[in-house]
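Please read this report with the structure open beside it, and look for each part as it is named. The text goes through a pocket, a pair of packed helices and a pair of rings in turn.

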Amino acid sequence: MLMEMTVKGFLAELASKSPAPGGGSVSALAGSLAAALVAMVARLTGTEGDNEGMRGIQGQAGDLMEKLNRHVDEDTAAFSLVMQAYRLPKQTEAEKEQRAAAIQEALKGAANHPLMVAEECLQVLVLCMEVVAIGNPNALSDAGVASLMAYSGITGAMFNVAINLEGIKDPVFAQQAKAERDRIMSEASHLYAGIQTLVQKKLIYMVEW
């Protein structure tokens with residue numbers, strides 16, 4: 001289990017010549033790190049008096065962190081299924097048909113999984129806006145970093161959606177996946193731009209880029 005590794009162990013595995021874990025697992029981890037930062041900011045804010053709203057955000061962030069943690073390993077599992085399908089025998093016509101069907105099924109799973117990751121990272125990004133707007137001002141930079149990580153998780157997951165969609169021959173599935181991709185990216189881009197504007201306004205000494 002990747003999430004049971006030490007940080008150094010995970011990085012060593014990531015840097016190895018093995019194709020998995022790869023960008024999909026890293027995207028899920030980025031979202032999980034973002035959720036953890038949101039939970040921290042909410043906790044720091046919630047200590048100042050009775051703050052039910054921040055306790056709610058803390059709980060939501062914790063749930064999303066756990067879901068994204070699982071996706072780190074699940075992405076590698078989805079990739080492994082694709083590789084297994086490509087290794088199936090293809091000597092006879094029957095084997096070729098079975099192999100082709102298995103590949104298509106595995107590719108659909110490998111495309112659906114990062115869509116889920118992106119959707120959950122988007123939910124984290126929504127929470128980022130809240131903690132940037134009303135969170136503890138001393139943790140504003142942490143909330144800003146959370147938004148960077150959440151948005152990276154979304155865009156990274158979409159790279160994985162795109163590369164798997166290239167091999168999918170089912171036009172209905174591809175169209176639905178692309179529509180979901182476009183919805184998530186549209187919402188995320190708009191939200192992320194708003195968060196960055198707000199962070200820059202709040203951080204007086206921030207250098208604009």
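Helix 3 contributes the largest share of the lining of the largest pocket, namely five residues, in what is a predicted model. The volume of this largest pocket is about 240 Å³, and among the 16 residues that line it, those closest to its centre are Asp75, Phe79, Asn160, Ile163 and Asn164. Two or more lining residues come from each of helix 2 (23-46), helix 3 (52-86), helix 4 and helix 5 (140-165).

Next comes the packing of two helices. Two packed helices are described by the angle between their axes and the distance between those axes. For helix 4 (residues 93-134) and helix 6 (residues 171-202), the angle is about 25° and the axes are 10 Å apart, which means that helix 4 runs roughly parallel to helix 6, since angles under 35 degrees count as such. The crossing of helix 4 and helix 6 is left-handed.

How many aromatic pairs does a search of the whole structure find? The search finds one: Tyr151 and Tyr192 are stacked, with 4.2 Å from centre to centre and 5° between the planes. This pair links distant parts of the chain, as Tyr151 lies in helix 5 and Tyr192 in helix 6, 41 residues apart.

Technical notes
Residues numbered from 1 in each chain as written. Predicted model: local features only at pLDDT ≥ 70, side-chain atom pairs only at ≥ 80, totals over all residues. Heavy atoms only, no water. Axes fitted to C-alpha atoms, helices over the stretch in contact; angles between N-to-C directions. Helix = DSSP H or I, 4+ residues; strand = E, 2+ residues; numbered from the N terminus. Parallel < 35°, antiparallel > 145°, perpendicular 65-115°, else oblique. Left-handed = near helix turned anticlockwise from the far one by under 90°. 1 Å grid on protein atoms, 1.4 Å probe; cavity = no way out; pocket = protein on both sides within 12 Å on 5 of 7 lines; lining within 4 Å. Points joined across faces, edges and corners; volume = space filled by probe spheres on them. Phe/Tyr/Trp six-rings, centres within 6.5 Å; stacked < 30°, edge-to-face > 60°.
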